Amino acid sequence: MDFNLSEDHQMLSDTLRRFLADNYEIEARNEQAYAAPYHSADTWEALAGLGTVGAFISEERGGFGGSAEDVAVVFEEIGRALCAEPMLGTLMGLRLLADFGCEELVEAVIGGEARCALAIYEPQAACDFSHIKAEARQEGDRWFLTGRKSAIYGAPGADYVLVAARTGQGIGIFLAEKPELIEAAMIDGGGIADLVMDGLQVKCLSPDATRQIEDVLDLGRIALCAEAVGAMTHLIELTVDYMKQRKQFGREIASFQALQHRVVDMLVELEQARSITIAAVAAYGSPDQSRVVSMAKNLIGRAGRHIAEEAIQLHGGIGMTWEYPGAHYAKRLVMIDHQLGDRTDHALRIASSAPTREAA
Amino acid sequence: MNLEFSDDERAFRDEVRSFLNDRLPDDVARAVAEGRELEKEQILRWQAILNEKGWVATTWPKENGGPGWTAVERHIFSEECALNNAPRMPPFGLNMLGPVLIKFGSEQQKAEILPRIIDGTDWWCQGYSEPGAGSDLASLKTRAVRDGDDYIVNGQKTWTTLGQHANKIFCLVRTDNEVKPQAGISFLLVDLDTPGVEMRPIRLIDGGYEVNEVFFTDARVPVANLVGEENQGWTIAKYLLTHERTNIAGIGFATKDLERFHELAAEVTRDSQRIADNPIYAARAAEIEADLEALRITNLRMLAKTRDGAAGGVESSLLKLKGTQIRQSLQDLYRSALGPQAAPNADDLSDNELTVPVDAARAAPVYFNHRKLSIFGGANEIQRNIVAKELFRG
């Protein structure tokens, strides 16, 4: 048993943490994350240059990592710095590009020259993608898509959008180049888009990608869990610092036992969140993958909301202000539960799946 | 035991309902339903309509221009308003300063100020909290130093709600540094156009602007603007806070929020299942409904006590604690029900680009905004202190 990061992972973590601490200012973030294209092209280029995107792909496919642990290491630092760069959409889109042999695109995305996003969900399909309705139609070797996709994270400004749609064989994955999007900021910053398709011509990457989509969504969930762990860690640090500095009734509010206990409960939640994320990383690729990933996403949803609400409350009015960084961390932690299935979706997924047990 | 309102009270409720039905402007009701901050003009327009009916200053006695309602009638009125998407009138002039002047003000202050509150000529805001004095209000530092017939005021107030609309502010200021903190505070009325007074907006977590900071730099304020005696401010402040806590349970708001959740749940589909048919959501909503029904009765029990003159700070603290917990859990439920559709910032999208109704699309900012409920008006931790102090008294 060893819960320490490998030397390579420690180096990736340190590099990213140092870069973001030195170069990623929250004031600038709050400007960029709410105005189109909802991120900074310079920051993206720099992050790609550090090998951040390459860490999502194995060496044999042109990257420098590719394991769930690589993904978790990157996203924990993204979360700690509250980085609003379009990392999630890139991770999921890039993995599918690699799955379907798009070597040139993989190289361009890893190098930061191109960006991709992934369109799976639709207004009525929130977690289980078997409910999607978008349809693909084939005419000779040309493919056309019809339907409405939504919750396309990081799509504004992306060069390629990978789109899931029904084919005769299952659910396929298609590639659209700079499609016209309905774009918005997310409540917690960063870009999101809908894609309305009425015979949009696309390239078919695979007419049946059901298994790959399932895998990439689970990996995205692991990424979100790790991001949440990073954000929780920093938000609790901010809360403790504030309580040590804020004085009311002639003393630091950190000295009030009733308030201390509430921070202790936040810390317990953080440790639970960290542990279930480790469990999900370990289960990735195993028969228990989807069940343990759902446990992680469910727990993170609950813990994230608890820590966010308590952090705001313990700060008082300051925690309610746009100017205070902690407020934005709290928003992110609450809104992570709205991505790739929330605590309810995943509770139902856990309840409906039987654990695989090794024979005693 | 009888949980029903009397015949007269029921007749009053019907009158309020039909009045709201006939007179509440559609645009105002829609803004309330969408959880938007109302325009000043909308609030004043509604105030003028209420004023025609004599229903603006709901907490004031008849001789001062109020309707002279009982506590039960006030409760019925505020509940019906919430259920019909009528805006909560800004309480600063109507429910705070008004009652303070009626109790502590000079005859001249009453004659000059009260009519201007009722007809909307003056918009008052509250200068209580300071950057260093929130829960510990008595530690406030804004100083008022006597100079002839004026006070010279220096300091800073914060969390001044809707100050951007106001032309006047009532403040707690320090007039004596030599005594214990509570004994050196005075209650002072200040014109916001006084030289040396500056208001700056504070942007909140949801991106909106509803609170402000107010800076005082050598602002000259006539001594005649003092309410009550010099250094009587703490007594007045405590009196005012009991008025701030009327309708603190927010039963009407919560009832409305639960109704909105059920409407949404019938409409929104996730993974091909209506939220209304999802047993987890159904159970969560049912539990909140049980909490709310209990609080409704608790509120009526406290109301009956008030009528009998026996209610105090502990009762209103209990109502605030549970009432804010219920409302916050409803905001959480509503936001959660939308799943991924709660994520886009609705203000970036036109109505026909949205996949859910616009009030639903604003669920997340409204949820974040409502985190204030457990912070303002005496943070819930302070309410617990009030109850604990009584519970563990000597």
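Chain A falls into domain 1 (7–115), domain 2 (117–208) and domain 3 (212–353), with bounds that come from an automatic or database domain assignment. A word on conventions: residues are numbered from 1 along each chain as its sequence is written, while chains are lettered from A and ligands numbered from 1 in the order in which they are written. Please keep in mind that this is a predicted model, in which local features need pLDDT of at least 70, side-chain atom pairs count only at pLDDT 80 or more, and totals for chains, interfaces and linings use all residues.

**Domains 1 and 3 of chain A**

The C-alpha centres of domain 1 and domain 3 of chain A are 21 Å apart. Between these two domains, 19 residues of domain 1 of chain A are in contact with 22 residues of domain 3 of chain A; two residues are in contact if their C-beta atoms, placed from the backbone, lie within 7 Å. On the domain 1 side, at least two residues each come from helix 2 (26–32), helix 4 (68–80) and helix 5 (87–99) of chain A. Helices (H or I, at least four residues) and strands (E, at least two) are DSSP runs, numbered from the N terminus. Helix 4 of chain A gives the most to this side, with 10 residues. By class, the domain 1 side holds 11 nonpolar, 2 polar and 6 charged residues. Here Ala, Val, Leu, Ile, Met, Phe, Trp, Tyr, Cys and Pro count as nonpolar, Asp, Glu, Lys and Arg as charged, and the others, Gly among them, as polar.

An unreviewed UniProt entry annotates residues 6–107 of chain A as "domain: Acyl-CoA dehydrogenase/oxidase N-terminal". UniProt positions are given in the numbering used here, feature names are shortened, and annotations may be inferred rather than shown by experiment. Over residues 6–107, chain A is 63% helix and 0% strand, and the end C-alpha atoms are 26 Å apart.

**Where the chains meet**

Across the chains, 36 residues of chain B are in contact with 36 residues of chain A. On the chain B side, strand 6 (197–203), strand 9 (269–270), helix 9 (279–307) and helix 12 (363–369) of chain B each give two or more residues. Helix 12 of chain B gives the most, with 3 residues. The chain B side divides into 16 nonpolar, 11 polar and 9 charged residues.

**Strand 4 in each chain**

In chain B, 7 of the 7 residues of strand 4 (residues 168–174) are buried, so this strand is largely enclosed by the rest of the structure. A residue is buried if 20 or more other C-beta atoms, placed from the backbone, lie within 10 Å of its own. Both faces of strand 4 of chain B are covered, with B:K168, B:F170, B:L172 and B:R174 on one side and B:I169, B:C171 and B:V173 on the other.

In chain A, 6 of the 8 residues of strand 4 (residues 160–167) are buried, so that strand is largely enclosed by the rest of the structure. A hairpin of 2 residues joins strand 4 of chain A to strand 5 of chain A.

The table lists the pairings; two strands pair if DSSP finds at least two bridges between them.

| Strands | Sense | Bridges |
|---|---|---|
| Strand 1 (residues 124–127) and strand 4 of chain B | parallel | 4 bridges |
| Strand 4 and strand 5 (residues 185–191) of chain B | antiparallel | 7 bridges |
| Strand 1 (residues 116–119) and strand 4 of chain A | parallel | 4 bridges |
| Strand 4 and strand 5 (residues 170–177) of chain A | antiparallel | 8 bridges |

Within these pairings, B:W124 has B:K168 as its bridge partner in strand 4 of chain B, and A:Y160 stands opposite A:E177 in strand 5 of chain A.

Methods:
A residue is buried if 20 or more other C-beta atoms lie within 10 Å of its own, exposed if 12 or fewer, and partly exposed in between; C-beta atoms are placed from the backbone.
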